[in-house]
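Please look through the sequence and the three-dimensional model shown here before reading on. The report is meant to be read with both in view.

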Amino acid sequence: MKILTIINPNSGKGNSKQIFEKNIKQYLIKNNIEFDIFISKKKNEIENFVSKYDFNNHKNILSLGGDGTLFEILQGIKNFDTNEFNLYLIPSGSGNAIYTSLQKPQFNFCKLKNINELQLSEFNLNNKKGLFSVGISVGIISDVDLNTEWLRFLGNTRYDLGGLYYILRTPSYKLKINYTDLNNNEKILNDEFIQLFIFKCSHCSDTMLLNPDQKMNQKNYTLIAIPSSISKIELVKIFMNLSSDYSPYYNNEKIIIETIKSFEIIPLDNSSMKSLTIDGEYFEFNTPLKGNIINKKINIY
C-alpha cells in the first residue's frame, strides 16, 4: 500500500505536523506503508500539488487538517474519477464537519472496515466550477468563522467569542434563493436573512449540529434560513443550544427548513457579497452561486 500524506500546518491549533510525527509516521513505517508527504505553506498549494501528483500507482490520500484541507484536495482531484479515491481523515482543523458527521469518536487506522461514501457536489461561481462536500454558508456564521481566524490558537472558543459579538450586532443579508425541493418543485425565497445554511452533513463543525438526519451519501441538502425578523433573544437561545444533542433550528417557526436537491443564491447587498463560505473557505460573492449534487463520490475512512 502507498499513500499521499497531505499536512496542513495552519489548520486548527497548528499541530498537524506534530500529530503526524508523534502518532502516524511510526505506524506507517511499522506496517510497511509507503508514503509521500506534502506540507502546505499557503492557500491553494494543496490543490496545485494534488492536481499534478502521479496517481497511477495508487489513489490513497491521508489528510491531516480540517474541512478546508479536504476542500483543496477535492479541487485537486476534480478532474479525476473521484470514485476511485480513498481518503483517510485525521481531524486537526477548527471545525472538522466531515469527520464529526461520520460519528467516529476516535480515528483508528488499524480497523478500516466501514467505507463511507461521501456524495460530492459541484458549485459554479464567477464562471468557475469546483467540488464541495460540507456545504454553503452566508451570514453570521461565516462572519464569525472568517473574522476570528486570528484567534485560531483558542480552538473552538474563538467561535463563542465571535458569536457573541455578531449576535449583539445582528447584521442581516439580502438574498434571493432559488431552489428545487425533493418533489421537483421550484421555490423562491427573497428576504433579509441573518444566516443561510445549505449543508450535506449532519454537523457543520464538531460542536454545531445542523440536522441529525442528514446523511453524507444522500442526494439532497438541508436548507436552513434564519430571517432577520428573529429577535436577539431567540438568536441567543439558538446559539446556546448548538452544541446540544438536537438541532435548535427546528424549535422556531420563523426559521425556514427544507430538504432540497439544487439551489441558486443571488446576493442583493454588499454585506452578502462579503459573507460567503464554501466548505468554510471564503469566496467573493458578486455573482449568483449555483450548486447541485453530481454523480461523483469519494470513499472516506
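The sections below take up the nonpolar cores, the salt bridges, the cavity and the cysteines in turn.

## Basis of the report

This is a predicted model, in which local features need pLDDT of at least 70 and side-chain atom pairs count only at pLDDT 80 or more, while totals for chains, interfaces and linings use all residues. Residues are numbered from 1 along each chain as its sequence is written, and side-chain values use heavy atoms, with hydrogens and water left out.

## Nonpolar cores

In soluble globular proteins, nonpolar side chains tend to be buried together. A nonpolar core is here a set of buried Ala, Val, Leu, Ile, Met, Phe, Trp, Tyr and Cys residues joined through side-chain atoms within 4.5 Å; buried means under 20% relative accessible area, exposed means over 50%, and partly exposed lies in between (1.4 Å probe, protein chains only).

The largest nonpolar core has 46 residues, and of these Ile98, Phe197, Tyr249 and Ile298 touch the most other members. Helix 3 (residues 67-77) supplies the largest share of this core, four residues; helices (H or I, at least four residues) and strands (E, at least two) are DSSP runs, numbered from the N terminus. A second, separate core holds 25 residues, including Ile136, Leu196, Phe263 and Phe285.

## Salt bridges

The whole structure contains eight salt bridges, each being a side-chain nitrogen of Lys or Arg within 4 Å of a carboxyl oxygen of Asp or Glu. In one of them aspartate 36 pairs with lysine 2, with the closest N and O atoms 3.5 Å apart. Because aspartate 36 lies in strand 2 (residues 34-39) and lysine 2 in strand 1 (residues 2-7), this pair ties together parts that are 34 residues apart in sequence. Aspartate 36 is partly exposed at 26% relative accessibility, and lysine 2 is partly exposed at 25%.

Glutamate 21 and lysine 25 form another salt bridge, with 3.8 Å between the closest N and O atoms; both residues lie in helix 1 (residues 16-30), four residues apart, which is about one turn of the helix. Glutamate 84 and lysine 59 also meet in a salt bridge, at 3.6 Å from N to O. Glutamate 84 lies in the loop between helix 3 and strand 4 (86-91) and lysine 59 in the loop between helix 2 (45-52) and strand 3 (60-65), so this pair ties together parts that are 25 residues apart in sequence. Glutamate 84 is partly exposed, at 43%, and lysine 59 is partly exposed, at 24%. Salt bridges that share partners also join Asp181, Lys187 and Glu258 into one network.

## Cavity lining

Which residues line the largest cavity? The lining consists of Gly65, Gly66, Asp67, Leu89, Ile90, Pro91, Asn96, Ile98 and Tyr99. Strand 4 and helix 4 (97-101) are the elements that give two or more residues to this lining, and strand 4 gives the most, with three residues.

## Cysteines

A disulfide is a covalent bond between the sulfur atoms of two cysteines. The structure holds zero disulfides, where a disulfide is counted as a pair of cysteine sulfur atoms within 2.5 Å. For cysteine 201, the nearest cysteine sulfur is that of cysteine 204, 9.0 Å away. Cysteine 201 is buried, with a relative accessible area of 0%, and cysteine 204 is buried too, with a relative accessible area of 13%.

Terms used: On a 1 Å grid over the protein atoms alone, a cavity is a set of points where a 1.4 Å probe fits but cannot get out, and a pocket is an open set with protein on both sides within 12 Å along at least five of seven lines; lining residues have an atom within 4 Å of a point.
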